[in-house]
Amino acid sequence: MTDNALLNAITVAEAAGRAIPDAATGETIGYAPVHTVADLDAAVETAREAQTGWAALGHHERSRLLRIAADEIEAHAEELAQIIAREQGKPLNGAGARFEAGGCAVWVRNAADTAIEPEVLFEAEGTRSELHYVPLGVVAAIGPWNWPALIGIWQIAPSLRMGNAVVVKPSSYTPLSVLAVVELMNCHLPAGVLTVVSGNREVGARIASHPGIDKVMFTGSTETGREIVRSSADNLARLTLELGGNDPGIVLPGADARAIAEGLFWGIFINTGQTCAALKRLYVHDSVHDDVVAALAEIADAVPMGPGTEEGNLLGPLTTPQQFEIVGRLVDDARARGARIVTGGEPAAELGAQFYRTTIVTDIEDGAALVDEEQFGPVIPIIRYTDLEDAIARANASEQGLGASVWGDPDEARRVAERIEAGTVWINQHGTLNPMVPFGGVKASGYGLEFGAHGLKAVAAPKVITV
C-alpha cells in the first residue's frame with residue numbers, strides 16, 4: 001500500500017458514513033460505516049458459518065496465518081500509527097501511536113506462539129483424564145477509544161488462535177483504527193472469521209444478548225460492564241470484562257524522589273492519562289512529599305504537548321469533548337475545595353479545543369471527586385500521608401481494583417503490595433504490560449484474564465476427555 005492507501009481502503013463515502021474527526025484539530029479524517037442491528041445479525045451468521053472451518057484448521061495452521069497477519073500489520077505500521085495519532089490523538093512517539101501499532105503485531109505473534117497443550121489431570125492403570133481447550137464459537141469484541149487498535153488485538157488475536165470467529169464492535173469515537181487493523185489481518189484470514197460492525201449504542205447493546213454470540217470481551221466503564229452482565233443473562237454468554245481502574249500508587253518513606261520521578265510520571269500520564277491502568281491517585285509519605293511533587297512538576301513543565309502527528313510531542317489532546325469536560329470539572333472542583341494546583345489546571349486553548357495542560361494537584365484528600373473518581377486525563381491528585389496503614393486502607397477503599405503500585409525499598413514494597421486489592425501490583429513501575437503475563441481486575445474493575453496462556457484459555461471451553 002502507498003501513502004494513505006490504508007485509510008482510503010477503510011473509508012466509506014461521505015453520504016454512507018459518519019465523519020470521524022482529528023482529535024487535535026477537529027478536521028474530518030474520513031468516514032466510518034454506520035452499521036445496524038441487522039448488519040450485526042448478518043455478521044454473526046456469517047461468523048458462525050466460517051468458524052467451523054477455521055476451527056478445523058487446527059492450532060498449527062491458525063498460528064501460521066496469524067504470524068503472516070502480524071507481518072502485514074508490521075509492514076504497514078506507520079500508516080496505522082498515523083491513523084491512530086489523528087483519530088485518538090496520542091502522539092506518534094514515546095509510548096504513543098507507533099508503540100500501539102507495533103504492539104498490535106507483537107500481541108498477534110504472541111497469541112500465535114504461545115503453546116497450549118492438553119493437561120493430564122489423572123493417570124492410573126487403565127485410566128487417563130486430560131483437560132483440553134476447544135473453541136467457544138463466536139466471540140464479540142467490544143473495544144474502547146483510548147487504545148483502540150491495541151486493545152482490539154488483545155481481544156481478537158487470542159480468540160482467533162483458539163479457533164473462534166470474531167465480531168468486533170469498535171468505539172464510535174475511534175472506529176478507523178480498528179477498521180484499519182482488521183483490514184490488514186483480513187488480507188490473510190479466511191472470509192468471515194473476522195468482521196467489524198461499526199455501529200451505535202443500539203448495536204452494542206444487542207451484542208451481549210445476541211443468541212449467536214458465545215463470549216463477550218469488553219473493555220470500558222464499570223457502568224457499561226454491569227449492563228453487559230445483565231444483558232448476557234438469558235444467553236449465558238461467557239464474559240471477560242476489563243473495566244475502570246482508579247489505580248492508587250503509594251510512595252514509601254525513604255524513597256528517592258529523583259530516581260522514581262520519571263517512572264511515576266509516565267505511569268500517570270501515558271496517553272495523556274487516558275489509560276485504564278494508569279496511576280490515578282498518588283499517596284506520598286510526608287517525609288518525601290515535597291520532593292516528589294517538585295520532581296513531577298519539573299517533568300510536567302518540560303514534556304511537550306501538541307497534535308499527535310507532530311514528531312516532537314509526547315502528550316496529546318483528550319480524545320473526546322466529553323472527557324475534556326470531565327477533566328475540567330474535576331480540577332475545578334478540587335480548586336474550589338482549596339486544593340493547590342502545582343502546575344497546569346487549565347485548558348491549553350492555544351493548542352486546540354481538547355487540550356488540557358498537564359496538571360498536578362496537592363493539598364487534597366480522599367472524598368474529593370478528583371480522588372474518588374477516575375479522571376482519565378492529564379491530572380494527578382497527590383495525597384500526603386504519615387501512617388502507612390492509613391495509606392493502604394485508603395488505597396483499598398475504592399470499589400475498583402485494576403492496578404496499583406508501590407514505590408521505594410523493594411522488600412518493603414513487596415510486603416505492602418501483598419496487601420493491596422488489585423489485579424496487578426507493580427513495584428517501582430506502573431502500568432507496564434507483558435503479553436506473556438496475565439492481566440485483569442478485581443472488584444468493580446471486572447473479571448477474567450487476558451494475555452499469555454491464561455488469556456488463550458479464557459477464550460476457549462475446557463473439555464475433559466477420560467479414557
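This is a predicted model: local features need pLDDT of at least 70, side-chain atom pairs count only at pLDDT 80 or more; totals for chains, interfaces and linings use all residues.
Biologist: At roughly what angle do the axes of helix α6 and helix α7 cross?

Modeller: Two packed helices are described by the angle between their axes and the distance between the axes. For α6 (residues 148–161) and α7 (residues 175–185), the axes come within 9 Å, and they cross at roughly 40°. The crossing of the two helices is right-handed, and its angle is roughly 40°.

Biologist: How many nonpolar, polar and charged residues has the contact of α6 with α7?

Modeller: From α6 come Pro-148, Ala-149, Ile-153, Ile-156 and Leu-160, and these meet Ser-177, Val-178, Val-181, Val-182 and Met-185 of α7. By class, this contact has nine nonpolar residues, one polar residue and no charged residues.

Biologist: Which strands stand at the edges of the open sheet of three strands?

Modeller: The order of strands in this open sheet is β3-β4-β20, and the pairing is antiparallel. Each edge strand has a single partner strand, so one side of it is left without a neighbour in the sheet. Neighbouring strands are turned against each other by 20° on average, direction ignored. The strands at the edges are β3 (119–124) and β20 (460–466).

Biologist: Which residue in β20 is the bridge partner of Pro-135?

Modeller: Strand β4, which covers residues 127–135, pairs with β20 in the antiparallel sense over seven bridges. In β20, the bridge partner of Pro-135 is Ala-460.

Key: Residues are numbered from 1 along each chain as its sequence is written. Side-chain values use heavy atoms; hydrogens and water are left out. Axes are lines fitted to C-alpha atoms, for helices over the stretch in contact, and angles run from 0 to 180 degrees between N-to-C directions. Helices (H or I, at least four residues) and strands (E, at least two) are DSSP runs, numbered from the N terminus. A crossing is left-handed if the near helix is turned anticlockwise from the far one by less than a right angle, and right-handed if clockwise. Contact means heavy atoms within 4.5 Å. Ala, Val, Leu, Ile, Met, Phe, Trp, Tyr, Cys and Pro count as nonpolar, Asp, Glu, Lys and Arg as charged, and the others, Gly among them, as polar. Two strands pair if DSSP finds at least two bridges between them.
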